[in-house]
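Let's take a walk through a protein model together.

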Amino acid sequence: ATNPILERIVLSGNLLDDDDANSIASALRLNTNLHFINLESNLITEDGWKALGEAVFDTSSLNLAADSNYTCCIEYHGYERLSCEINGGSEPEDLFRPSALRSKKIYSVLSSRNKESS
């Protein structure tokens with residue numbers, strides 16, 4: 001028998017730190033089966049969140065935004081706005097619609113570049 005594909009994981013309250021966040025970010029770059037990960041109540045700092053954010057929404061170039069893992073949403077209860085920014089959504093309800101996230105991420109990069117040049 002084959003193992004089922006892991007689509008959701010809750011890692012809240014596991015004392016995960018920035019090293020763990022970097023490891024998770026590396027895995028998220030390649031994994032498009034995981035649709036949801038909850039990391040609340042851990043020891044992840046801004047550096048760790050940045051690494052996670054770049055794994056699911058890298059805004060440094062249009063190609064990287066398009067290639068970002070747009071199937072996974074990172075949830076952090078109590079910080080819905082942070083979750084929205086990391087996941088490329090504009091509202092909390094956008095967090096769980098992976099089918100729309102890739103387009104939103106690409107649009108976000110194009111929009112920010114347009115604002116920078118005006």
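## Starting on the outside: Asp47

Let's begin with Asp47, which is exposed, with a relative accessible area of 57%. You'll find Asp47 in helix α2. One thing to keep in mind from here on: this is a predicted model.

Now look for Asp18. Along the sequence, Asp18 and Asp47 are 29 residues apart, yet their C-alpha atoms are 6.7 Å apart in space.

## The overall plan

So what does the whole chain look like? The chain has five helices and three strands. If you read along the sequence, they come in the pattern β-α-β-α-α-β-α-α. Of the 118 residues of the chain, 38% count as buried.

## The sheet

The three strands make an open sheet, in the order β1-β2-β3, with parallel pairing. Strands β1 (8-10) and β3 (73-75) sit at the edges, and each of them pairs on one side only. Neighbouring strands in this sheet are turned by 10° against each other on average, ignoring direction.

Zoom in on β2, which covers residues 36-38 and pairs with β3 in the parallel sense over three bridges. Which residue of β3 stands opposite Ile37? That's Ile74.

Arg8 lies over the face of Phe36, at 4.0 Å from the ring centre. As for aromatic pairs, the count comes to zero.

Asn38 is in strand β2. Is Asn38 buried or exposed? Asn38 is buried, because its relative accessible area is 4%, and buried means under 20%. A polar atom of the Asn38 side chain lies 3.0 Å from the backbone nitrogen of Glu40.

Asn42 is in the loop between β2 and α2. With 11% relative accessibility, Asn42 counts as buried too. The side chain of Asn42 has two contacts to look at. A polar atom of this side chain lies 3.0 Å from the backbone nitrogen of Leu15. The Asn42 side chain also reaches the backbone oxygen of Leu39, at 2.9 Å.

## Two loop residues with positive phi

Leu15 is in the loop between β1 and α1 (18-30). Its phi is near 60°, which is a positive value in a residue other than glycine. Leu15 is exposed, with a relative accessible area of 62%.

Ser41 is another one to look up. Although Ser41 is not a glycine, it has a positive phi of about 60°. You can find Ser41 in the loop between β2 and α2. Ser41 is exposed, with a relative accessible area of 51%.

Side chains of opposite charge can pair when their charged atoms come close. How many salt bridges does a search of the whole structure find? The search finds one. Its partners are Lys50 and Glu54, whose closest N and O atoms are 3.9 Å apart. That counts as a salt bridge because the cut-off is 4 Å between a side-chain nitrogen of Lys or Arg and a carboxyl oxygen of Asp or Glu.

Where do the two partners sit relative to each other? Lys50 and Glu54 are four residues apart in helix α2 (residues 46-56), so they are separated by about one helical turn. As for the surface, Lys50 counts as exposed, at 54% relative accessibility. Glu54 counts as partly exposed, because its relative accessibility is 31%.

## Last stop: Asn69

Finally, head for the loop between α3 (62-67) and β3, where Asn69 lies. This residue counts as buried, at 2% relative accessibility. Asn69 and Arg29 are 40 residues apart along the chain, while their C-alpha atoms are separated by 5.8 Å.

If you turn the model around now, try to find both ends of the walk again: Asp47, exposed in helix α2, and Asn69, buried in the loop between α3 and β3.

Technical notes
Residues are numbered from 1 along each chain as its sequence is written. This is a predicted model: local features need pLDDT of at least 70, side-chain atom pairs count only at pLDDT 80 or more; totals for chains, interfaces and linings use all residues. Side-chain values use heavy atoms; hydrogens and water are left out. Two strands pair if DSSP finds at least two bridges between them. Axes are lines fitted to C-alpha atoms, for helices over the stretch in contact, and angles run from 0 to 180 degrees between N-to-C directions. Rings of Phe, Tyr and Trp (its six-membered ring) pair if their centres lie within 6.5 Å; planes under 30 degrees apart count as stacked, over 60 as edge-to-face and the rest as tilted. A charge sits over a ring if NZ of Lys or CZ of Arg is within 6 Å of the ring centre and within 35 degrees of the ring normal. Buried means under 20% relative accessible area, exposed over 50%, partly exposed in between (1.4 Å probe, protein chains only). A polar contact is a pair of N or O atoms within 3.5 Å; within protein, one must be able to donate a hydrogen and the other to accept it, and residues adjacent in sequence count only if both atoms are side-chain atoms.
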